[in-house]
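Me: Hey, I've just opened this one and I'm new to it. Can you walk me through it?
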Amino acid sequence: MWRDIQRYGDRVSWPLYRNSQAGITSNWGELTGFEGLPSPRRPEVAPYVVTKNVSVPTGSTFDRSQKVTGGADLKYGLTPNLTLDATVNPDFGQSKRIRRC
């Protein structure tokens, strides 16, 4: 880990970083003593709304109306190694929805 201080032209690092040595990860330090820390649950909710035109035949012509649906993507960390990922009212046919990963 290092920080460049541009105004002084300095680099501050822990542990000492040497440009003369090959590799970066071999120069990294090791942190110890982080045991028993609680893991955050980090609930995430990403709601969405989908609208589309629906053509409805009315005699010899077609009428158009808007169909609006909605739902949500949910994530919740149950344990440090297990995350619940769920969708309420999944929208399998919508290809242009942007998903956060």
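Me: How many salt bridges does the count come to?
Reply: The count comes to 1 salt bridge. Keep in mind that this is a predicted model.

Me: Which residue does arginine 11 form a salt bridge with?
Reply: Arginine 11 forms it with aspartate 4, and the closest N and O atoms are 2.7 Å apart. In general, side chains of opposite charge can pair when their charged atoms come close.

Me: What is the bridge partner of aspartate 4 in S2?
Reply: That's arginine 11. So the residue that forms the salt bridge with aspartate 4 is also its bridge partner in S2, where "bridge" refers to strand pairing.

Me: How many bridges join S1 to S2, and which way do they run?
Reply: There are 4 bridges between strand S1 (residues 2-5) and S2, and the two run antiparallel. They form a hairpin with 4 residues between the strands, and in that hairpin glycine 9 takes a positive phi near 70°.

Me: Let's zoom out. How many helices and strands does the chain have?
Reply: It has 0 helices and 5 strands. Reading along the sequence, you get the pattern β-β-β-β-β.

Me: What about the other strands, which ones form the open sheet?
Reply: That open sheet has 3 strands in the order S3-S4-S5, with antiparallel pairing. Strand S3 (44-58) and strand S5 (82-88) are the edge strands, each pairing on one side only. On average, neighbouring strands of this sheet are turned by 15° against each other, direction ignored.

Me: Over how many bridges do S3 and S4 pair?
Reply: They pair over 15 bridges, in the antiparallel sense. To pick out one place on the model, valine 54 has serine 65 as its bridge partner in S4.

Me: Now aspartate 73. Where is it, and is it buried or exposed?
Reply: You'll find aspartate 73 in strand S4 (residues 61-79). It's buried, because its relative accessible area is 11%, and buried means under 20%.

Me: What does its side chain make a polar contact with?
Reply: The side chain of aspartate 73 makes a polar contact with the side chain of threonine 87, at 3.2 Å.

Me: How much of the chain counts as buried?
Reply: Of the 101 residues, 8% count as buried.

Me: What about leucine 16, where is it found?
Reply: Leucine 16 is found in the loop between S2 and S3. It counts as exposed, because its relative accessibility is 56% and exposed means over 50%.

Me: How far apart are leucine 16 and glycine 29?
Reply: They are 13 residues apart in sequence, and 9.0 Å apart in space, C-alpha to C-alpha.

How values were computed:
Residues are numbered from 1 along each chain as its sequence is written. This is a predicted model: local features need pLDDT of at least 70, side-chain atom pairs count only at pLDDT 80 or more; totals for chains, interfaces and linings use all residues. Side-chain values use heavy atoms; hydrogens and water are left out. Buried means under 20% relative accessible area, exposed over 50%, partly exposed in between (1.4 Å probe, protein chains only). A polar contact is a pair of N or O atoms within 3.5 Å; within protein, one must be able to donate a hydrogen and the other to accept it, and residues adjacent in sequence count only if both atoms are side-chain atoms. Axes are lines fitted to C-alpha atoms, for helices over the stretch in contact, and angles run from 0 to 180 degrees between N-to-C directions. A salt bridge is a side-chain nitrogen of Lys or Arg within 4 Å of a carboxyl oxygen of Asp or Glu.
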